[in-house]
There are 2 protein chains.
Amino acid sequence: LLHQTSDTDHNRTVLTFAGRPEAVCEAAFRAVRAAVERIDLTRQSGVHPRIGAADVVPLVPLEGIGIEECAAGAASLGARIWEELRVPVYLYEAAAREPERRNLEMIRKGGFEGLRDEVRRNPARKPDFGGPGLHPSAGATVVGARNVLVAFNVLLDTADVSLARAIARKVRASSGGLPTVKAIGVLLASKGRAQVSMNLTDYRTTPPRVAFDAVAQEAAASGVGVVSSEIVGLIPAAALWPDAAGHLRCENLSPDVILDNRIATLE
Amino acid sequence: LLHQTSDTDHNRTVLTFAGRPEAVCEAAFRAVRAAVERIDLTRQSGVHPRIGAADVVPLVPLEGIGIEECAAGAASLGARIWEELRVPVYLYEAAAREPERRNLEMIRKGGFEGLRDEVRRNPARKPDFGGPGLHPSAGATVVGARNVLVAFNVLLDTADVSLARAIARKVRASSGGLPTVKAIGVLLASKGRAQVSMNLTDYRTTPPRVAFDAVAQEAAASGVGVVSSEIVGLIPAAALWPDAAGHLRCENLSPDVILDNRIATLE
């Protein structure tokens with residue numbers, strides 16, 4: 001288990017774990033089972049979109065494995081989740097069997113409550129495994145394969161969630177904003193402030209700095225400041241210095257010469 | 001052993017190892033002994049300044065230890081090197097017993113050949129342990145305690161070493177250049193090019209990007225380009241994104257959320 005984080009307002013826990021493919025798939029299955037046993041979506045609420053107790057399980061290739069192998073693992077894992085837990089499964093991104101399911105937000109449309117009603121009458125929303133209805137308390141689980149992304153939230157100095165939503169629309173790729181950026185606006189009740197919550201699906205194309213600057217600029221145009229930002233889960237070092245090696249024309253800048261990485265091997 | 005690197009022109013090997021204080025001091029002693037047994041400075045040459053077969057041994061506090069404890073360890077290690085190997089020792093930086101020995105370059109002045117002649121007649125150059133003369137083949141060893149520094153070299157697109165030396169004088173702190181920067185100009189015969197070789201002793205004050213830009217600007221003023229740069233040994237991640245956390249106003253940017261660090265713990 002590399003990292004875990006939970007958030008009161010999003011009401012969501014993100015677990016990051018790594019290992020050999022079989023071990024990761026086994027751990028993912030057990031984590032889904034634990035969530036299905038413990039979380040009742042009919043009594044759960046939070047600002048983050050979700051359709052399942054175990055909402056989304058992305059398999060990410062790190063070393064010695066490709067995205068296609070992760071996609072195959074996702075399909076096996078998805079079949080097992082349906083067979084053993086009776087939770088319907090959608091396959092997404094590199095594991096998607098239909099083009100429109102490459103995008104997680106298309107699968108999540110309407111959330112648990114909306115999908116629960118629609119899934120039986122709209123053939124386009126039929127799960128890849130299981131159905132016809134959702135699991136009564138655990139909804140559905142989205143399983144897939146994708147590359148590393150950066151989940152990055154920017155907190156605005158306002159409680160006006162409509163501004164956060166307007167900024168999200170401005171900066172996200174789907175409405176002509178920054179490439180490889182997904183964004184929504186949410187209200188963090190615990191902080192009394194609105195947040196632009198983003199996924200940077202290719203941090204080499206749009207690194208956190210560029211996304212932050214765009215949000216800050218849009219907020220400033222409405223006379224609102226930025227309070228802070230946060231990284232959800234883990235972030236590749238290269239996303240923080242996306243152009244360091246290039247700017248320095250550095251011959252040997254790699255994770256192997258980063259002191260922190262080498263010290264981490266001692267722990 | 002976290003890292004090792006050697007260079008034909010500098011003719012120098014840098015080893016980086018880490019562990020508990022006693023283990024590190026024992027390993028350092030054995031590394032010095034191996035160098036003393038194998039390297040004959042009367043037959044060694046290279047562009048990097050040196051006075052010893054085992055030239056300099058800095059103890060660097062990483063976690064759970066302070067610079068003063070490292071300085072005490074350096075004094076013990078230095079005494080042992082003299083007692084068991086009969087190699088005289090100078091103490092430097094935080095372990096220095098005289099102010100002028102805080103600077104490594106003052107101790108190294110004249111190199112092995114110059115110091116060998118001067119050490120017996122100039123009391124100011126008497127070693128902290130041993131003497132009166134240097135070890136005939138292994139010279140002297142400089143032992144001390146310091147914080148992490150970044151050794152960073154910039155290769156110029158010219159064989160004119162006098163330009164590299166002039167740039168080094170411009171950028172180094174001792175002649176009014178960038179704070180916490182040490183720099184020399186050397187010729188890399190194997191590449192037919194001159195290099196500005198730097199130590200950034202406080203990368204928070206002057207990070208590699210600032211040093212690189214200064215060298216590139218000075219070179220450009222003489223119509224010379226920069227070919228590349230290289231990091232010698234290891235570099236803290238924070239030196240590559242010295243202002244990332246600040247710019248992003250990021251609440252939780254720490255080594256614990258860097259994916260590379262967490263993956264490194266698996267290896």
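This report describes the chain symmetry, backbone features, side-chain contacts and helix packing of a predicted model.

## Relation of the two chains

Two copies of a chain are related by a rotation about an axis and a shift along it. Here, chain A can be superposed on chain B with an RMSD of 0.1 Å, by a turn of 180° and a shift of 0.0 Å along the axis. The two copies are thus related as by a two-fold rotation axis. The interface residues of chain A are, to 100%, also interface residues in chain B, so the copies meet through the same surface.

His3(A) belongs to strand β1 (residues 3-7) of chain A. With a relative accessibility of 15%, His3(A) counts as buried. When neighbours within four places in sequence are left aside, the contacts of His3(A) in its own chain are Val14(A), Leu15(A), Thr16(A), Gly233(A) and Leu234(A), and those in the other chain are Asp256(B) and Val257(B).

In chain B, His3(B) lies in strand β1 (residues 3-7). His3(B) counts as buried at 16% relative accessibility. Again leaving aside neighbours within four places in sequence, His3(B) touches Val14(B), Leu15(B), Thr16(B), Gly233(B) and Leu234(B), together with Asp256(A) and Val257(A) across the chain boundary.

## Backbone geometry

Most residues other than glycine have a negative phi, and most peptide bonds are trans. Several places in the model depart from this pattern, and they are collected in the table.

| Site | Feature | Value |
|---|---|---|
| Gly131(A) to Pro132(A) | cis peptide bond | omega about 5° |
| Gly131(B) to Pro132(B) | cis peptide bond | omega near 5° |
| Thr180(A) | positive phi | phi near 65° |
| Glu93(B) | positive phi | phi near 45° |

In chain A, Pro132(A) is placed in the loop between α4 (111-118) and β5 (141-145). Pro132(B) occupies the loop between α4 (111-118) and β5 (141-145) of chain B.

Thr180(A) is part of the loop between α5 (161-171) and β7 (181-188) of chain A. A relative accessibility of 24% makes Thr180(A) partly exposed. Glu93(B), by contrast, is found in a strand, namely β4 (residues 89-93) of chain B. Glu93(B) counts as partly exposed, at 22% relative accessibility.

## Packing of helix α5 in chain A

Which residues of α5(A) are buried? They are Val161(A), Leu163(A), Ala164(A), Ile167(A), Ala168(A) and Val171(A). Seen down the axis of α5(A), these buried residues fall within an arc of 155°, so they line one face of the helix. An α-helix has 3.6 residues a turn, so residues three or four places apart point the same way.

Ala166(A) is partly exposed, with a relative accessible area of 27%. Its C-alpha atom is separated by 9.6 Å from that of Ala219(A), a residue 53 places away along the chain.

A further pair involves helix α2 (residues 67-85) of chain A, which contains Glu69(A). Glu69(A) has a relative accessible area of 49% and is partly exposed. The C-alpha atoms of Glu69(A) and Ala145(A) are separated by 8.7 Å, although the two residues are 76 apart along the chain.

## Aromatic, charged and cysteine side chains

How many aromatic pairs are counted over all chains? The count comes to 0. The charged end of Arg80(A) is positioned over the ring of Phe29(A), at 3.7 Å from the ring centre. In chain B, Arg86(B) lies over the face of Trp82(B), 4.2 Å from the centre of the ring.

The number of disulfides over all chains is likewise 0. For Cys25(B), which is in no disulfide, the nearest cysteine sulfur is that of Cys70(B), 8.1 Å away. Cys250(A) counts as buried, its relative accessibility being 11%.

Technical notes. Residues are numbered from 1 along each chain as its sequence is written. Chains are lettered from A and ligands numbered from 1 in the order in which they are written. This is a predicted model: local features need pLDDT of at least 70, side-chain atom pairs count only at pLDDT 80 or more; totals for chains, interfaces and linings use all residues. Side-chain values use heavy atoms; hydrogens and water are left out. Copies are superposed by least squares on the C-alpha atoms of residues with pLDDT of at least 70 in both. Contact means heavy atoms within 4.5 Å. Rings of Phe, Tyr and Trp (its six-membered ring) pair if their centres lie within 6.5 Å; planes under 30 degrees apart count as stacked, over 60 as edge-to-face and the rest as tilted. A charge sits over a ring if NZ of Lys or CZ of Arg is within 6 Å of the ring centre and within 35 degrees of the ring normal. A disulfide is a pair of cysteine sulfur atoms within 2.5 Å. Buried means under 20% relative accessible area, exposed over 50%, partly exposed in between (1.4 Å probe, protein chains only). Helices (H or I, at least four residues) and strands (E, at least two) are DSSP runs, numbered from the N terminus. The arc is that of the directions from the helix axis to the C-beta atoms.
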